[in-house]
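Here are a few exercises to work through with the model open beside you. Try each task before reading its solution.

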Amino acid sequence: MPQAAMRSMALVLGLLCLWPTGGAFAANCQDSAGFASWLEGFRREAAAQGISQKTIASALSGVNYDPDVISRDRKQGVFQQSFEQFSGRAVSPDRLKKGANMLKRYGSVLDRIEKRFGVPGAIVVAIWGLETDFGANLGRFATVRSLASLAYDCRRSELLKAELLDALRIIERCDMTPEEMRGAWAGEIGQTQFMPSSYIKFAVDFDDNGRRDLIRSVPDALASTANYLKGYGWNAGQPWAPGSANFDVLLQWNKSQVYSQTVAYFATRLQAEP
């Protein structure tokens, strides 16, 4: 992610370069010339997948190719900072103080989350802090436009097209409107930066207002984060240090060892805060 660190999806984007063999397609998908035609084809595919014409129209009308997103994607490198370098910057005294305050502020919500999903509040808050600085840096990119541009690009069309379809499904089920759906350039959404596929699988309506809103509802975002970890096998009441089963679960959140070590370190520091 453009914030504290990239989620595993974004970290591996540059490693999944599945270039098409068709020369004409390869030529068209590297610039904006063929985007409108591609988008029309995607509209038909979305309809065939059962997405309503109302949702397709509201989400895709006026969507155009975003060269800035493609430029950012192609410049993305492998995560190369050491644990000491990354954790020293990411777990600053100020962020640690903010995290401790968030543990207190949302204490009752986090207690209910741990009771339901088995994930301690310190872990959830650590992820929240690293991903968006507790909601301060959600991202400014229109998610549908970003995903459409990435899906049109030559390298990972099927992978990102599936994410775009899931973004439309989020709109279809009225969790948010296309205008509300803004986030990181790679398509992550919300306080803890879910890709649409994870949003569909793990987002929960924890504030009981009828919507799974990971952008504006802190309870929804934190509970959904815990649900994600539970879905990958989090063991309640067990340690999360490197080498543990729960650390392996953190690696399902982000495959970077350094990032996951930093989550574990941040959570441990938060637990020790008065």
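Helices (H or I, at least four residues) and strands (E, at least two) are DSSP runs, numbered from the N terminus. This is a predicted model, where local features need pLDDT of at least 70 and side-chain atom pairs count only at pLDDT 80 or more, while totals for chains, interfaces and linings use all residues. Residues are numbered from 1 along each chain as its sequence is written, and side-chain values use heavy atoms, with hydrogens and water left out.

**Exercise 1. A helix pair**

Describe how H4 and H11 cross, and list the residues that meet.

Solution. First the geometry: the axes (lines fitted to C-alpha atoms, for helices over the stretch in contact, with angles from 0 to 180 degrees between N-to-C directions) of H4 (residues 53–60) and H11 (residues 157–172) come within 10 Å and cross at roughly 110°. That makes H4 roughly perpendicular to H11, a label for angles of 65 to 115 degrees.

Then the contacts (heavy atoms within 4.5 Å): Thr55, Ile56, Ser58, Ala59 and Leu60 of H4 meet Leu168, Ile171 and Glu172 of H11.

**Exercise 2. The core**

Which residues touch the most other members of the largest nonpolar core?

Solution. A nonpolar core is a set of buried Ala, Val, Leu, Ile, Met, Phe, Trp, Tyr and Cys residues joined through side-chain atoms within 4.5 Å. The largest one has 82 residues, and Trp38, Ile113, Ile123, Leu168 and Leu229 touch the most other members. H9 gives this core its largest share, 8 residues.

Finally, zoom in on Ile123: leaving aside neighbours within four places in sequence, Ile123 is in contact with Leu229, Trp234, Trp240, Leu250, Val263 and Ala267.

Definitions and conventions: Angles under 35 degrees count as roughly parallel, over 145 as roughly antiparallel, 65 to 115 as roughly perpendicular and the rest as oblique. Buried means under 20% relative accessible area, exposed over 50%, partly exposed in between (1.4 Å probe, protein chains only).
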